[in-house]
Amino acid sequence: TYTALMDSLCKTGRDDDALKLLDAMEDGDCSPDVVAYTSILYNLQKIGRKDEASIILARMKQKGCVPDLVTFNALITSIGRSGDVDGAFKIYTDMQDVGFKPDVVTYNALIEVLCKADDVEEAFNMFQKMVDDGCIPDVITHTELLKGLTKTGRIDEACRQFRKMVQAHCVPDVIAYNTLIHGLIKSGQVEDGYQLFKHMKGKACKPDLVTYKILMDAFCENNLVHMALELSEEMEGDMVVNSLLLSSLARSGHVDDSYKLFSDMVIKGWKLDVKSCNSLISGLANARNLDAAWQVHADMQKAGVSATVVTYTILIDSLCKSDRIEDATKLLGEMKEKGIEPDVVTYTALIDGLCKAGSLHEAQLVFGEMTRRGISGNAVTYSSLIRGFGKGGLVDEAEQVYEAMQASGCKPD
RNA sequence: UGUUGUCGCGAG
């Protein structure tokens with residue numbers, strides 16, 4: 001019971017509650033089991049609370065709870081996701097030192113870490129090692145390698161990898177197909193991607209919503225709006241396709257079509273989602289049509305879709321870029337009043353606007369407010385500030401910001 | 001009850 005509760009707390013992002021529960025369990029007579037510890041370790045590490053995670057790990061061992069294979073695998077994944085390749089591999093050696101044999105999940109996690117770091121060569125070395133170790137690669141292994149290849153622009157090798165997977169009697173699933181279709185499209189081979197889509201439809205693999213999203217985006221971006229429409233009709237019955245189409249259109253510069261669809265959906269009372277509405281607002285803002293952007297903001301709320309931090313960030317950014325910094329600052333206040341917490345992107349948009357307007361002192365104040373709220377700046381934030389100060393001739397201040405950036409452990413990119 | 005792969009929203 002406690003363990004299940006712990007898991008749901010972790011998964012819903014209520015990490016502090018999960019930690020409290022863990023404390024209570026440790027103090028009480030019902031000690032947490034390895035599952036509870038693994039769940040909390042994984043989630044803490046995943047959201048970057050590295051130090052707390054190591055404390056919990058030490059406490060777990062001290063309480064006599066022994067990490068199992070799943071614990072190690074979870075650590076590899078969560079540490080690897082933070083970009084710490086060496087840290088992930090350290091767990092891999094540690095687990096072997098205490099006698100655990102890596103399984104397919106371990107190898108897949110490591111291969112994924114390497115692919116994410118664009119080290120496909122090393123990923124293939126792990127693949128070989130896995131095979132030598134008698135561990136049988138599965139569809140996930142192959143898909144990860146496939147993705148690694150497409151991501152690094154090696155589309156031909158990716159196609160070969162797909163064939164190899166089939167030869168290895170590994171049946172490609174919808175994710176494998178989606179990965180390759182997306183890769184083909186990104187390398188400019190839209191037609192080949194479409195052919196693969198038709199092939200999968202004809203065979204045992206049913207396309208899913210992700211497949212349709214990938215293709216609709218591709219068609220819109222290549223000015224093949226009619227093809228995107230055709231696809232959306234094919235998916236009729238699924239109300240979400242309309243939102244997805246609206247989003248695709250907005251992001252590809254077909255703002256008018258997107259707006260028409262939006263208005264249509266509002267009138268018909270069809271379900272809208274906030275991400276699609278945000279795409280449209282952003283598209284309209286980029287097209288310098290702020291009136292329409294605000295209209296969508298109003299209409300979506302009437303239709304029962306609440307604005308999020310992203311919605312406000314788009315609007316704040318658009319105000320800044322139209323030299324309406326005062327309004328942008330006001331809007332930041334409004335969102336806070338509504339209980340919507342600005343995040344690092346929101347603050348950075350405003351800071352950048354202030355810097356570009358030459359209000360460097362104001363920018364510093366906003367940066368201070370952000371920091372006081374416990375939000376750290378990232379590479380984008382610092383680069384805005386440094387550029388701003390540099391342009392204003394405040395070289396010393398620029399250098400101070402640079403030092404603050406290094407002190408905060410933020411790497412320039 | 002915990003761990004691995006694909007897609008759409010915002011900042012320099």
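Leaving aside neighbours within four places in sequence, which residues is Lys 50 in contact with? They are Gln 45 and Asp 84, where contact means heavy atoms within 4.5 Å. Before going further, note that this is a predicted model, in which local features need pLDDT of at least 70 and side-chain atom pairs count only at pLDDT 80 or more, while totals for chains, interfaces and linings use all residues. Residues are numbered from 1 along each chain as its sequence is written, chains are lettered from A and ligands numbered from 1 in the order in which they are written, and side-chain values use heavy atoms, leaving out hydrogens and water.

Let us stay with Lys 50 for a moment. Lys 50 belongs to helix α4, residues 50–62 (helices are DSSP runs of H or I with at least four residues, strands are runs of E with at least two, and both are numbered from the N terminus). Its relative accessible area of 47% makes Lys 50 partly exposed; buried means under 20%, exposed over 50%, and partly exposed in between, with a 1.4 Å probe and protein chains only. From Lys 50 to Lys 61 there are 11 residues in sequence and 17 Å in space, C-alpha to C-alpha.

Now for a residue in another setting. Thr 141 sits in helix α9 (residues 139–151) and is buried, with a relative accessible area of 0%. Not counting residues up to four places away in sequence, Thr 141 touches Val 104, Asn 108, Ile 111, Phe 127 and Met 130. With Asn 108 there is also a side-chain polar contact of 2.7 Å, meaning a pair of N or O atoms within 3.5 Å; within protein, one must be able to donate a hydrogen and the other to accept it, and residues adjacent in sequence count only if both atoms are side-chain atoms.

Phe 127 leads us on to the aromatic rings. The whole structure holds 10 aromatic pairs. Rings of Phe, Tyr and Trp (its six-membered ring) pair if their centres lie within 6.5 Å; planes under 30 degrees apart count as stacked, over 60 as edge-to-face and the rest as tilted. Phe 124 and Phe 127 make an edge-to-face pair, 6.3 Å centre to centre with 70° between the planes. Both lie in helix α8 (residues 120–132), 3 residues apart, about one turn of the helix. Phe 124 is partly exposed at 22%, whereas Phe 127 is buried at 16%.

Another edge-to-face pair joins Phe 197 and Tyr 212, at 5.6 Å centre to centre and 85° between the planes. Phe 197 is in helix α12 (residues 190–202) and Tyr 212 in helix α13 (residues 209–221), so the pair ties together parts 15 residues apart in sequence. Both Phe 197 and Tyr 212 are buried.

Finally, look at the charges. Side chains of opposite charge can pair when their charged atoms come close. Counting a side-chain nitrogen of Lys or Arg within 4 Å of a carboxyl oxygen of Asp or Glu as a salt bridge, the total is 23. One of them joins Lys 101 and Asp 133 (3.6 Å, N to O). This pair links distant parts of the chain, 32 residues apart: Lys 101 is in the loop between α6 (85–97) and α7 (104–116), and Asp 133 in the loop between α8 and α9. In helix α18 (residues 290–302), Lys 302 and Asp 299 are about one helical turn apart, and their salt bridge spans 3.7 Å between the closest N and O atoms. Here Lys 302 is exposed at 69%, while Asp 299 is buried at 15%.
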